[in-house]
Amino acid sequence: MATVLRSRSAFARLFVGKTGQILNNLTDLGAKLAPGTQSVIRHYSNYISSPTIDTVNQDYNYEIFKKPPEWEYVQRLLPFETIPKVTPKDEYPSGWVPPKEEAVNHPYFIPRTKNGELPIYLEITHRGMRRVSKIRKLEGDLWLMNDDIRKFLKNKYNRFVMTRVHDFAKFIEVKGDHVNDLKQWALSKGF
């Protein structure tokens, strides 16, 4: 018996005995093959239409507990619903600085993330060739904040730094890797 297999999208044709006799579908194949010599696996279009699967009984026996005894073990693994408040200290070992009271007096504001960090990120695109620093979650007068950021970076590097303000999405992009400089500027303003 010679076997000719094509790609998955084409039908498999088997030459049994004489070369002129071609079996066109799997049902003919199963009828003409001797039992026990070869097994045929039929692939159905979906799981439900498969005749080899019996219907599954949808009635499951279950009980609803308000607080099962095992729940205390699961509750230990769940994350906190809210981040606990930070205990005030003079200095933190990680170098983290809490926001100051004077930050509210500015016409713009940078709220902290839920973990207490500044929302200043570096986006690297074009296989590492483009680096853009991004300040997110901004509130207030973004154009005044953009002018202050430009002045700060121009004084630090003695050159013009390109920025882009997205007023609707409330973020400012600065061309280049200026994340540490922007964080230094934000901390100096008290954010």
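Me: Which strands does helix H4 lie across, and how does H4 run relative to E4?
Reply: In this predicted model, H4 (residues 179-189) lies across E4, strand E5 (130-135) and E8. Helix H4 runs at about 165° to E4.

Me: What is the strand order in the open sheet?
Reply: The general idea: strands of a sheet pair through backbone hydrogen bonds, either parallel or antiparallel. Here four strands follow the order E4-E5-E8-E7, and the pairing is antiparallel. E4 (120-125) and E7 (163-166) stand at the edges with a single partner strand each, so one side of each has no neighbour in the sheet. From one strand to the next, the twist averages 25°.

Me: How many bridges join E7 and E8?
Reply: Four, in the antiparallel sense, with E8 spanning residues 171-175. Val165 stands opposite Ile172 in E8.

Me: And how many salt bridges turn up in the whole structure?
Reply: As a rule, side chains of opposite charge can pair when their charged atoms come close. A search here finds three salt bridges. One of them joins Glu123 and Lys134 at 3.3 Å, N to O. Glu123 sits in E4 and Lys134 in E5, so this pair ties together parts 11 residues apart in sequence.

Me: Is Lys134 buried or exposed?
Reply: Buried, at 14% relative accessible area, while Glu123 is partly exposed at 32%.

Me: Which residue does Lys156 meet in a salt bridge?
Reply: Asp181, at 2.8 Å, N to O. Lys156 belongs to helix H3 (residues 142-157) and Asp181 to H4, so the pair ties together parts 25 residues apart in sequence. Asp181 is buried at 9%; Lys156 is partly exposed at 39%.

Conventions:
Residues are numbered from 1 along each chain as its sequence is written. This is a predicted model: local features need pLDDT of at least 70, side-chain atom pairs count only at pLDDT 80 or more; totals for chains, interfaces and linings use all residues. Side-chain values use heavy atoms; hydrogens and water are left out. Two strands pair if DSSP finds at least two bridges between them. Helices (H or I, at least four residues) and strands (E, at least two) are DSSP runs, numbered from the N terminus. Axes are lines fitted to C-alpha atoms, for helices over the stretch in contact, and angles run from 0 to 180 degrees between N-to-C directions. Contact means heavy atoms within 4.5 Å. A salt bridge is a side-chain nitrogen of Lys or Arg within 4 Å of a carboxyl oxygen of Asp or Glu. Buried means under 20% relative accessible area, exposed over 50%, partly exposed in between (1.4 Å probe, protein chains only).
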